[in-house]
Structure formats: structure tokens, C-alpha cells
Amino acid sequence: MSKVVIHIGYPKTATTWLQDIFFPNVSNFQFVSWREANRLILNSDCFAFNPKYVRDEFLVGGGNLLISSEFFATAINSGFNYGYFSYGISHKLKKSFPDAMVVIFIRRQQSLIPSAYQQYVKNGGTYSFKRWLYSGEVFRFEHLVYSRLIDHYINLFGEKQVMVYLYEDFKRNNREFMENFCQQFGMEADWDKIDFNPTNRGLRLLSLPLLKVVNHFYKKPVGRKRFICHIPGMTTVGRGVIKYLNPMPIFGRFLNEEDFLTQKDLEYIKNFYSQYNCELTKYFDRRVLEGYGYYL
């Protein structure tokens, strides 16, 4: 019997590496990239959605199917939109693949938040970190209440069909983690083709302000931003900063959590998420979560 595995994110939990490096090298599953998945599922009319058409498009030739898009959990810099996107997409997925296995990766919020802000800047954003974090114009704290999305998918697909993983487990030993992951889902990977080095690295100390200056000179739909004027070609300049300048050590060390979050920010994050993170103990040992720094 063919298997369908749907990886829905969260964003900033090694999704780029999984989609670009690992999933394409799983030999016994047909891999559907996020672009193709978004085209047929995310960017389709809810009221005219045709699950049979999606199945026919994806299941060409039969066999096992592996679909991955962190947009199914809603891209953080697209705005939470009160959960409408992730809720609607979940029902599209259920109608299309009712017996699918759903894979969800989570990451402690005080680690994910600075990473998501750097992605916002990479995508053209110009807001300060404080405005991005607290204004509600782009980021919403509710987006990272993991238990709500997990429980929703369990109610929709069934407890045995939803698998939740800690990004921190993956980061600690990604090779060992993926070997166990493949064994669990019956995946066969071409290990010789897989580079286990990180992709989509964060920004360096001097790259961030430089990129924000560049971003002020083009209009790009990345949530909300401010820009002075639109100069054609500046998007290419921005990509050049990320691709060619950011890897250079002369632009300083890579930024970390402490460069963004003050003690006051951490207290706010703790007060907001601790009550919800306690619900994660249904899926993970409390000592493991505390060891990784999850606020409980």
C-alpha cells in the first residue's frame, strides 16, 4: 500500500535543508516541492478546491508520496492571519489525502523568533526587530503556539497519523536523527549524495544593517515594510549581499539570540508561551523540553 507523508513545517526548523538536500534524495518516495505543493493546495480557491485533481497531479505513476511546505503552517513573515490559512490548508490536505502521515517540527520560540526576523530581512523587510516582534503587523505570538496546531491535526487526521519532532533533536545530530526518521517512515535515502552541513545560514553582524539599507530601495511583498523608493535591480543587489558578502568573515560573526532578545523580551516570551508549552508534555518528556530551553 502506498504511503503519503506531508511535512508542514514549522518554518525555521531546517525546512530549507530538508526540501533542498534531503527529501529529493529519498529514492522510494516521489517528492513534491513546496512550490508545486503551494501551487495546487495553498494558492487554490477554498470554495472551488478539487482534491481529486490534486491527487491525480501528485500521484502520477503511483508509489509513495512525500509533500513538504512550511507554508502549510503559514509562513511567519506572511502574517498569522488569525490562523485562517493554516486551518483552511489542513482541511484541503485532509480531503486530498485522508490517510496521510503528517510531520510537524517545532523549535523553542526564543530561538525561532530571531531566526524568523533574519529571514524577514533577507526577504526584503525593513522594520526594526522590536517593531517586527511587537506591532503585530508581521509577526504574531499566537503563530508559535504549537499545541493548537498539533491538536488540530490530531483531531483531523488521528493521533497515530501525526508525528511531532523537536528541531533541537535534529540539530544535535542531524545524521543520526534522519537515519531514525527514515527507518520510522520506511524511507530509503541515498546517503552519499546528502550534505549534512547547514543551509540558509543566518546573517552576520554587519550584513544585517547593510541589507536593511538596500531593502529600503525596492518594493517587495514580504509582509509589511517601509521603503523610500523603488529602484529596479535593487532586489538583485539584496540577493548579492546574502549570497556573496554575508559568507565573508569580514562582515563579523553570525548573529545569535542574544543580539536580538533583551531580558525584558525573554520575560514576555516566557509569560506568553509557558502555559501553552506545558501542553507539549503530552508528546515529549518534560525534562527533555526543559533541557532544550523550552519555557514551561
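**Aromatic pairs and a bent helix**

Hi everyone, let's start with the rings: this model has 36 aromatic pairs, counting Phe, Tyr and Trp (its six-membered ring) with centres within 6.5 Å. Planes under 30 degrees apart are called stacked, over 60 edge-to-face, and the rest tilted.

Take phenylalanine 58 and phenylalanine 97: their centres are 6.4 Å apart and their planes at 5°, so this pair is stacked. The two link distant parts of the chain, 39 residues apart, with phenylalanine 58 in helix α3 and phenylalanine 97 in the loop between α4 and β4. Helices here are DSSP runs (H or I, at least four residues), strands likewise (E, at least two), numbered from the N terminus.

A quick word on the source: this is a predicted model, where local features need pLDDT of at least 70, side-chain atom pairs count only at pLDDT 80 or more, and totals for chains, interfaces and linings use all residues. Residues are numbered from 1 along each chain as its sequence is written, and side-chain values use heavy atoms, leaving out hydrogens and water.

Next, tyrosine 117 and tryptophan 132 pair edge-to-face, 5.5 Å centre to centre with 65° between the planes. Tyrosine 117 is in α5 and tryptophan 132 in α6, so the pair ties together parts 15 residues apart in sequence.

Finally, where does α12 bend? The bend is about 30° at asparagine 271, taken as the angle between axes fitted to the seven residues ending there and the seven starting there. Buried residues of α12 pack against α5, α6, α7 and α13; buried means under 20% relative accessible area, exposed over 50%, partly exposed in between (1.4 Å probe, protein chains only), and contact means heavy atoms within 4.5 Å.
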